[in-house]
Amino acid sequence: MTKPNTSPDVVLDRQCEQRNEQGFLETVMSTGTYRAVIFHNRKALISEPEHSPDHNSPDYSVTYLSPTQLPRDLPAGTQTVYLGKVLPGQGHPLAAGTPLILFALPHDAGELGWVPDGSSFMGYRDVGQQLRAADAQIVIQAQAVANWHATHTFCPRCGNPMEPMKAGWMRRCVQDGSEHFPRTDPAAIVAIVGADERILLANNFQWDQKRYSTVAGFVEAGESAEAGAVREIAEEVGVRLHALHYVASQAWPFPRSLMLGYIGYTNDTVATPDLTEVRAAKWFSRAELQGAVLNGEAVISSRASIARELIEHWYGGKILEPGEQA
Ligand SMILES: [Zn+2]
């Protein structure tokens, strides 16, 4: 079961060193070769499948605007951030080397008549599963940094305004010069496996009663991710983990989490939901889970989520959705 993590398929070269240079973003913008990723009210500008640049795509795609498609005067308060340049060989429809810039529009952006037909602002949680993988990664990155700018206008030390620097990856207080960077909150997410190899999935009060997923919780200050996982699992479903196997992580910027995914092993056979966050917890064998998903008794997390990746890691392959063929 234990296998090394493969190298991730990274779509953009963030050019972290170059973007720190004074005037880097302005230089890229002056070339006219960049493409713009537009965010408004924390949603990305997305093309419906029939309006995709590659017309045969069955997927939703990010609407990449050329500089000439942008209005001459962007709404005041638009935040620009350098996202990176497209790397070759990652299946992205834009040419390798194309620089991408995020334009996060202010809430009161006024008339958006320049938005092309067939494109509209969509939330990642609504459309993420239908986005091609290369675009999903770019939306996640843009969402994370856009969220940060939207909530970090003023200095946490002295309350004065902060100005964006380093191509949008830092803000500096105009008064005391303190430097601030986007933060990420680590959370542990665990697929709990018992001694009999069944998986323990939980149903939260916030969800439909048929939905079952892995258990997750935030890592506290001064706590290791593993200690946080053991503590959260004990709190929420009442089982003690004796071993943890790290699988993979996923950035989840809603608003700013980094999900650290584990398989957690327990010898306990009785789960006790906390009845405040978790409504029910249920053991499934592999056959029981696949059967419950196919007949609609259980709904598990979508394929855009690390929860699904962890469940399928335990399962040993793809879990079929109703109507899908093996
Ligand atoms: Zn300050």
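This is a predicted model: local features need pLDDT of at least 70, side-chain atom pairs count only at pLDDT 80 or more; totals for chains, interfaces and linings use all residues.
Me: How do you know that the span of helix 5 agrees with what it should be?

Reply: Helix 5 covers residues 225-237, which is 13 residues. The expected span is 1.5 Å times one less than the number of residues. For helix 5 that gives 18 Å, and the C-alpha atoms at its ends are 18 Å apart. The two values agree.

Me: Which residues of helix 5 are called buried?

Reply: They are Ala225, Gly228, Ala229, Glu232, Ile233, Glu236 and Val237. Each is called buried because its relative accessible area is under 20%.

Me: How do you know that the buried residues line one face of helix 5?

Reply: Look down the axis of helix 5. The buried residues fall within an arc of 125°, so they line one face. An α-helix has 3.6 residues a turn, so residues three or four places apart point the same way.

Me: What covers the buried residues of helix 5?

Reply: The cover includes strand 11, strand 12, strand 14, strand 15, strand 16 and strand 17.

Me: What makes the site of the zinc ion tetrahedral?

Reply: Start with the donors. They are Cys155 (SG), Cys158 (SG), Cys173 (SG) and Asp176 (OD), at 2.2 to 2.5 Å from the zinc ion. A donor must lie within 2.8 Å of the metal, so these atoms qualify. Now take the angles. Those among the 4 donor atoms run from 103 to 119°. Four donors count as tetrahedral if all angles lie between 85 and 135 degrees, so the site is tetrahedral.

Me: How are the donor residues of the zinc ion spaced in sequence?

Reply: The spacing is C-x2-C-x14-C-x2-D. Cysteine 155 and cysteine 173 are 18 residues apart, and the pair links distant parts of the chain. Cysteine 155 sits in the loop between helix 4 and strand 8, whereas cysteine 173 belongs to strand 9.

Me: Why does cysteine 155 count as buried?

Reply: Its relative accessibility is 4%. The cut-off is under 20%, so cysteine 155 is buried. Cysteine 173, at 3%, counts as buried too.

Me: Which strands stand at the edges, each with a single partner strand?

Reply: The sheet is open, with 3 strands in the order 8-9-10 and antiparallel pairing. Strand 8 and strand 10 stand at its edges, each with a single partner, so one side of each has no neighbour in the sheet.

Me: How do you know that strand 9 and strand 10 pair?

Reply: Two strands pair if there are at least two bridges between them. Strand 9 and strand 10 share 2 bridges, in the antiparallel sense. Arginine 172 stands opposite glutamate 179 of strand 10.

Me: What is the phi of alanine 167?

Reply: It is near 55°, a positive value in a residue other than glycine. Most residues other than glycine have a negative phi. Alanine 167 lies in the loop between strand 8 and strand 9. Its relative accessibility is 9%, so alanine 167 counts as buried. Glutamine 15 also has a positive phi, near 50°.

Me: Why is glutamine 79 called buried?

Reply: Its relative accessible area is 15%, which is under 20%, so glutamine 79 is buried. Among its contacts beyond four places in sequence are Leu102, Phe103 and His149.

Definitions and conventions. Residues are numbered from 1 along each chain as its sequence is written. Side-chain values use heavy atoms; hydrogens and water are left out. Donors are N, O and S atoms within 2.8 Å of the metal (3.2 Å for Na, K and Ca); water is not among the atoms, so sites may look incomplete. Four donors count as tetrahedral if all angles lie between 85 and 135 degrees; four count as square planar and six as octahedral if opposite donors are over 155 degrees apart and all others between 65 and 115; anything else is irregular. Helices (H or I, at least four residues) and strands (E, at least two) are DSSP runs, numbered from the N terminus. Buried means under 20% relative accessible area, exposed over 50%, partly exposed in between (1.4 Å probe, protein chains only). The arc is that of the directions from the helix axis to the C-beta atoms. Contact means heavy atoms within 4.5 Å.
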